[in-house]
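Dear colleague,

Please read it with the model at hand.

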Amino acid sequence: LEIKSGEVFGYLGPNGAGKTTTIRMILDLIRPTRGTATVLGMDAWKDSIEVRRRVGYVPGEPALYPNLRGEELLRYLASVRGGVDWGRIVVLAERLESDLTRRIGTLSRGNRQKLAIIRALMHEPEVLILDEPTSGLDPLMQEVFEQLIREASAAGSTVFLSSHILPDVEQVCDRVAIIRSGRLVAVEEIAALKSRAFRSLELQFAGPVPPEAFAGLEGVSNVVVADSVLNCDVSGALDQLVKAAARYTVVNLTTTEPSLEEIFLAHYGDHEDDDAG
């Protein structure tokens, strides 16, 4: 698996598929039984200290000092890093509506998540590794987070975003990988992945049409004809369906593009028990 410099890369899979395990190996929190990993050209394990200096990380379950106030935590971590522009921290806190004066132990799940995001972004890292970063955020804050990710990417950061919230990934990612039971199922650009997925079409004709006129067309399935309305799924080119429909008077056509979630479910199928096992 190779992630290009400057891209926003989505890493998708159900709980237990191996997403967090991958991240922990990249960050040298656990060691693999075999294989290699490099980050910014450095060995992820031999050079792990330097890797961490240049990475921003939001873990799936952020561990924060509950007795500190948000400002105290961030000043401490900025000091450990050798100094961070405090003005940037203030701007991030304002955009995320994070109250840095409150003790962390009193904060809700969502407000602790905001602190974790600020912590990851405050030093403008070259690589962002995000494990379920929007967990606990309300929809408005999710939009703010997505904009922050777009800005980081535009500034040259590489983003590795692991999530099972597929609409969020669809909004910000250039490419995605789908992982199932520890193995990659697909690694593609979102547009390419969608192009091969089934689209749902509804055609309305001026009068009744015979179902047999649309039977056996290449790439067309689940054909249902009710009087003058035809519903079907199409994979790939529409050429054969369009030619068949052109023999009749078409008064309306609507198409529904598949969401990333629908594509994921098509890849994942009915194998959830594989991960549970």
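Throughout, buried means under 20% relative accessible area, exposed over 50%, and partly exposed in between, with a 1.4 Å probe and protein chains only. This is a predicted model, in which local features need pLDDT of at least 70 and side-chain atom pairs count only at pLDDT 80 or more, while totals for chains, interfaces and linings use all residues. Residues are numbered from 1 along each chain as its sequence is written, and side-chain values use heavy atoms, with hydrogens and water left out.

Valine 187, at a relative accessible area of 35%, is partly exposed, and it lies in strand S8 (residues 183-189); helices (H or I, at least four residues) and strands (E, at least two) are DSSP runs, numbered from the N terminus. Together with Leu1 and Leu184, Val187 forms a nonpolar patch on the surface, with about 260 Å² of accessible area. Such patches take residues with over 30% relative accessible area and no salt bridge, joining nonpolar side chains (Val, Leu, Ile, Met, Phe, Trp, Tyr) within 5 Å and like charges within 9 Å, a salt bridge being a side-chain nitrogen of Lys or Arg within 4 Å of a carboxyl oxygen of Asp or Glu. The areas come from the Shrake-Rupley method with a 1.4 Å probe, and for residues only the protein chains shown count as cover.

In helix H1 (residues 19-26), the buried residues are Lys19, Thr22, Ile23 and Ile26. Seen down the axis, these fall within an arc of 95° (taken from the directions from the helix axis to the C-beta atoms), so they line one face of H1. Among the elements that cover them are strands S1 (8-12), S5 (127-131) and S7 (175-180). Aspartate 28, which follows H1, has a positive phi, near 60°.

Valine 58, in strand S4, counts as buried at 1% relative accessibility. Leaving aside neighbours within four places in sequence, its contacts (heavy atoms within 4.5 Å) include Gln113, Ile117, Ile129 and Leu130. Glutamine 142, found in helix H6 (residues 139-154), is also buried, with a relative accessible area of 18%.
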